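Please look through the structure below together with its sequence.

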Amino acid sequence: MPIELAQEVLDRLMEALAGVEHERWSHWQRYMHSKCKRASDGSLIIPPELVDQWERQLATSYSELSEAEKESDRDQVRRYLPIILAALSATPKSSPSS
């Protein structure tokens with residue numbers, strides 16, 4: 001594949017994945033904000049049980065998470081896979097050298 005074409009494919013892939021990442025982040029922020037209490041100054045207070053849960057998850061490697069927690073992470077990755085698959089499918093394959 002010519003370098004120019006490869007760069008074009010990577011640029012499109014970057015933008016598509018960045019769009020999914022923004023949606024993932026926005027979804028998380030909406031969820032987190034919905035679980036917090038808004039103080040009179042506009043700041044958000046995270047309930048202590050969620051602080052405990054999230055700190056435990058932060059300190060836990062993926063392999064040690066519960067199956068439900070792993071599935072939640074897999075659900076997030078599934079958002080990226082169609083874009084990656086489409087990029088791979090659209091990438092012209094070079095023919096083997098003779």
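Which residue forms a salt bridge with R78, the closest N and O atoms being 2.8 Å apart? The partner is E71. A salt bridge here is a side-chain nitrogen of Lys or Arg within 4 Å of a carboxyl oxygen of Asp or Glu. This is a predicted model, in which local features need pLDDT of at least 70 and side-chain atom pairs count only at pLDDT 80 or more, while totals for chains, interfaces and linings use all residues. Residues are numbered from 1 along each chain as its sequence is written, and side-chain values use heavy atoms, with hydrogens and water left out.

R78 also forms a salt bridge with D75, and there the closest N and O atoms are 2.6 Å apart. Both R78 and D75 lie in helix α3, three residues apart, about one turn of the helix. Helices are DSSP runs (H or I, at least four residues), numbered from the N terminus. Accessibility is sorted into three classes: buried means under 20% relative accessible area, exposed over 50%, and partly exposed in between (1.4 Å probe, protein chains only). R78 counts as partly exposed because its relative accessibility is 42%. E71, at 30%, counts as partly exposed, and D75, at 41%, counts as partly exposed too. A network of salt bridges links E67, E71, R74, D75 and R78.

The structure holds seven salt bridges. Another of them joins R56 and E69, with the closest N and O atoms 2.4 Å apart. This pair links distant parts of the chain, since R56 is in helix α2 and E69 in helix α3, 13 residues apart. Is E69 buried or exposed? E69 counts as buried because its relative accessibility is 13%. R56 is partly exposed, with a relative accessible area of 41%. Leaving aside its neighbours within four places in sequence, E69 is in contact (heavy atoms within 4.5 Å) with R56 and Q57.

Next comes helix α1, which covers residues 3-35. At 1.5 Å a residue, its 33 residues should span 48 Å, and the end C-alpha atoms are 47 Å apart, which agrees. The expected span is 1.5 Å times one less than the number of residues. The buried residues of α1 are A6, V9, L13, V20, S26 and M32. What covers them includes α2 (48-58) and α4 (81-90).

The structure also holds two aromatic pairs. In one of them, W28 and Y31 are tilted, 5.6 Å centre to centre with 35° between the planes. Rings of Phe, Tyr and Trp (its six-membered ring) pair if their centres lie within 6.5 Å; planes under 30 degrees apart count as stacked, over 60 as edge-to-face and the rest as tilted. W28 and Y31 both lie in helix α1, three residues apart. W28 and W54 form an edge-to-face pair, 5.0 Å centre to centre with 65° between the planes. W28 lies in helix α1 and W54 in helix α2, so this pair ties together parts that are 26 residues apart in sequence. W54 is buried, with a relative accessible area of 13%, whereas W28 is partly exposed at 31%. Ring pairs link W28, Y31 and W54 into a cluster.

Helix α4 gives the most to the patch, with three residues. V77 is in helix α3.

Terms used
Helices (H or I, at least four residues) and strands (E, at least two) are DSSP runs, numbered from the N terminus.
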